[in-house]
Amino acid sequence: MALTKELTDKPFQLFPFSYFCDKFTVAKSTLSEDVQTVRNGLAAYDLGIIETVAGASGGVRFIPYHTAKSDNQFLGELCERLNSPDRVLPGGMIYMNDLILNPQIVSRLGEIIMQRSIELKPQYIMTVETKGIPLGLSAAKAFNIPMVMARKEARITEGPAVSISYLSGSTKKIQSMSLPKKALPHGARVLVIDDFMRAGGTANGLCELAEEVGAEVVGVYLFIAAKEPAKKLVREYASLLTLRGVDETSKAVDIVPEML
């Protein structure tokens, strides 16, 4: 299975061969055969890739990689579940906590985000409490980079913080969010991630907060983005799913995957 240069260049955690030799008390020749067996198994079930790096500082690393066909199928099945009429809540909202709080589901979503935004080369994932945390942490794990979290209330306990006020695009209310000054180094490349976006107020607030502490926002990724309003407060973004409409009266939901 061929990897893109962006994936192979990504510094996924590398384990030296000596680590496994010492751990399992095996020779390198035997270990090579075992690595090939694991590699074949992962490839057969589309669970990821085992890559070996030659040289004195080489070793073995696991890359959470899936085919586009497999990812599209996964997102399509997720849409089928989200489009169930019993998920419609008052106010035209969609119940999705059981999905974004499911470890298997959110782990795969994080891996898909990593694959689809690897070229952005982020150094940090940034999200906001509370529903964005599972998706942000899963994406950070897939990227093998840290995650930072903004709080919606001024109750930072990690030292001096930067706070901003932003306009919620959906409620049209002024809200605030805060971030510890030490959370992001100056000039850090940040990928903003959140669970849902309607008009983009929260996502835009996260971008402004990151830039306020001197970081560079390289992209915005959502689990679900509403099609309307067409004009968002955040200029550029990507999403895994798109909410094209929801009818609270008829309990009709129309969520579609963003295919590759």
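**Exercises on salt bridges**

Arg244 is partly exposed, with a relative accessible area of 44%, where partly exposed lies between buried (under 20% relative accessible area) and exposed (over 50%), computed with a 1.4 Å probe on protein chains only. This is a predicted model, in which local features need pLDDT of at least 70 and side-chain atom pairs count only at pLDDT 80 or more, while totals for chains, interfaces and linings use all residues. Residues are numbered from 1 along each chain as its sequence is written, and side-chain values use heavy atoms, with hydrogens and water left out.

**Exercise 1.** Find the residue with which Asp254 forms a salt bridge, and locate both partners.

Solution. A salt bridge requires a side-chain nitrogen of Lys or Arg within 4 Å of a carboxyl oxygen of Asp or Glu. Asp254 meets this rule with Arg244, their closest N and O atoms being 3.0 Å apart. Next, Asp254 belongs to strand β12 (residues 252–257) and Arg244 to strand β11 (residues 238–247), 10 residues apart; strands (E, at least two residues) and helices (H or I, at least four) are DSSP runs numbered from the N terminus. Finally, Asp254 is partly exposed, at 28% relative accessible area.

**Exercise 2.** Describe the pair formed by Arg108 and Asp71.

Solution. Their side chains meet in a salt bridge at 3.0 Å, N to O. Because Arg108 lies in helix α6 (residues 103–117) and Asp71 in helix α4 (residues 68–82), the pair ties together parts 37 residues apart in sequence. Both Arg108 and Asp71 are buried.
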